Amino acid sequence: MPEKTLLSRIKYQITTNSLTIATFAVIFIVWEAVVQIFNINRVVLPAPSEIAAVMLNLQKGYYVPWDKHISVTLFEILAGFSLAAIVGILLAMLIVYSLILERILLPLIVFIEVLPKIAVAPLLLIWVGYGMEPKIGIAFLIAFFPIVVSTANGLREVEQDLLDLMKVYGATKMQVFFKVRFPNAVPHIMSGLSIGMASAVIGAIVGEFVAANEGLGFLIVNAQYQLLTAMAFASLFYIAIIGLVLYGAVVAFGNLLKRF
Amino acid sequence: MTSHIGAYESRVIPSYISLKNVSKIFKTKGGIVHALRDVNVEIEENEFVSIVGPSGCGKTTILKIIAGLVQPTTGEVYVRGDKVVNTIQNVGMVFQSPVLLRWRTVLRNVMLPIEIRKINTKTYLEKAKNLIELTGLKGFEDKYPHELSGGMQQRVSICRALITDPDILLMDEPFGALDALTRDQLNRELINIWQQQKKTVVFVTHSVNEAIYLSDKIYVMSPRPGTIIEQVNVDIPRPRNRGDPKFIKLAESILRLLGVEADA
């Protein structure tokens, strides 16, 4: 395989990125044109230019403290995700190492997974109040399942020959875990974490839909009441940006790990 | 360590590795599988012994029983005079797939058994480099398994098996997945290594040619339930030539034992 030169790599990046950018540009231009030409009611469909103005607080009439709402939602996502990552990986280890714990825990985990989280949200509100806690809770509940399943699969998926080899060398259970099982599971764990991250974004927003007085989900509900469609779109775009950045961060972290 | 002196230990143990009337029955969901039946094997120290037989005849199970990874249902196994009750010590294993750790470089894969035993890494680092050179992998120490060909990966796994300087080497169709050219080359290299550092080798294969090229003694097995149908001593001086009439004649007689379907 020929070594990629720096120049060809940069070229490749530019062409792939420019394709993505061009796609979005075309969508926004067509959207803007349709709204302008057909003079569409801005409550039904605001133009991208208006949405951008709201996102950057350049419109007249009202001001949205985006930094406050973004940081609230971001915190809920990250807290829920971190909790899910820690609990998910630990649960996976317990399931893989103990048949009894697997029999106890797996049905519970699947039971929680099949519950519609939006239906659980009111309960969480009763239990932990109306602050960030129930949103973190829902983000956690949605995110931890893919992490448990992927991690458990990764820890299990070790060739029998390799385990036999470790046994012959007299490896302890700890050595088998740290030298074989865990590194072997890393790609699985990373894919579980990336799905978990995307799920945590959904969880936080669902939580804010049910009851909140801050956050991007709250802004969308609020915009709906006031028929501020542009604000709803602006919130949606911020959520999308947050989701993309966080998902990209997990994937980038996984690629970094691959090198070691 | 058990003592071999005294009334209880007065039995005669003639061989380095010895299987006496070993049978193995596996219980699976589909029912009972009779894998081995009355297998008797005697292997002397520093002998190169092959086990040939059709697929699924229990060749691999014999290796695992010798290693102590699988316990026989009936019969007894002795290695170096001791009855095998657990995994045996000081043994190298090579499988059909190289089973390397993909996140470790060649050198760190070779050093794995040393790391596990927590013995002095520094002295063995030199040994690892020598082995890597001996198997023609010099310059690839810092490469990852996916950057190597199948033959090179198998060489790494042979280095890993040799790093602890075991006196017993158990090899389970180690060259079965390689192309014919690489296979012949690795056969030659294996014989070189075996002649340089005397070891007792138990080599499982379904290639009769390979078995004759390598071995002092060949055990021929029947299909399941696997049992030894013949013990063949190979009295051809090394290095052996696959075109030698004696070689061909021996191959024909073993193939006849295995039946027409057996591959050469």
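**Exercise 1. Domain organisation of chain B**

Task: In this predicted model, determine into which domains chain B is divided and describe the contact that domain 1 of chain B makes with domain 2 of chain B.

Solution. Step 1: Chain B is divided into domain 1, formed by 12-90 + 167-258, and domain 2, formed by 100-165. Step 2: A distance of 25 Å separates the C-alpha centres of domain 1 of chain B and domain 2 of chain B. Step 3: Domain 1 of chain B contributes 10 residues to the contact, and domain 2 of chain B contributes 7 residues. Step 4: On the side of domain 1 of chain B, the largest share is the 4 residues from helix α6 (residues 180-196) of chain B. Step 5: This side of domain 1 of chain B comprises 7 nonpolar, 2 polar and 1 charged residues.

**Exercise 2. The contact between the chains**

Task: State how many residues of chain A are in contact with chain B, and which element of chain A supplies the largest share.

Solution. Step 1: The contact pairs 13 residues of chain A with 13 residues of chain B. Step 2: On the side of chain A, the elements giving two or more residues are α7 (160-168) and α8 (173-210) of chain A. Step 3: The largest share, 6 residues, comes from α7(A). Step 4: Sorted by class, the side of chain A that touches chain B has 7 nonpolar, 2 polar and 4 charged residues. Step 5: For the complex, the predictor gives an ipTM of 0.84 and a pTM of 0.80.

**Exercise 3. Helix α6 of chain A**

Solution. Step 4: α6(A) is mostly covered, with 21 of its 24 residues buried.

**Exercise 4. The surroundings of Val220(B)**

Task: Decide whether Val220(B) is buried or exposed, and list the residues that Val220(B) touches.

Solution. Step 1: Val220(B) belongs to strand β9 (residues 217-221) of chain B. Step 2: Val220(B) has 22 other C-beta atoms within 10 Å; the cut-off for a buried residue is 20 or more, and Val220(B) is therefore buried. Step 3: Not counting residues up to four places away in sequence, Val220(B) touches Val52(B), Gly53(B), Ile229(B), Glu230(B), Val232(B), Ile254(B), Leu257(B) and Leu258(B). Step 4: One of these, Glu230(B), is 10 residues from Val220(B) in sequence and 5.2 Å away in space, C-alpha to C-alpha.

**Exercise 5. Backbone geometry and confidence in chain B**

Task: Identify where the cis peptide bond at Pro225(B) lies, characterise Asn21(B), and state over which residues of chain B pLDDT stays under 50.

Solution. Step 1: The peptide bond between Arg224(B) and Pro225(B) is cis, with omega about -5 degrees; Pro225(B) lies in the loop between β9 and β10 (228-233) of chain B. Step 2: Asn21(B), a residue other than glycine, has a positive phi near 50 degrees and is found in strand β1 (residues 17-28) of chain B. Step 3: Asn21(B) counts as exposed because it has 12 C-beta neighbours inside 10 Å. Step 4: Chain B averages a pLDDT of 88, but pLDDT stays under 50 over residues 1-10 of chain B. Step 5: Where pLDDT is low, the predicted coordinates should not be read in detail.

Methods. Residues numbered from 1 in each chain as written. Chains lettered and ligands numbered in written order. Predicted model: local features only at pLDDT ≥ 70, side-chain atom pairs only at ≥ 80, totals over all residues. Domains from an automatic or database assignment. Contact = placed C-beta atoms within 7 Å. Nonpolar A, V, L, I, M, F, W, Y, C, P; charged D, E, K, R; others polar. pLDDT = per-residue confidence, 0-100.
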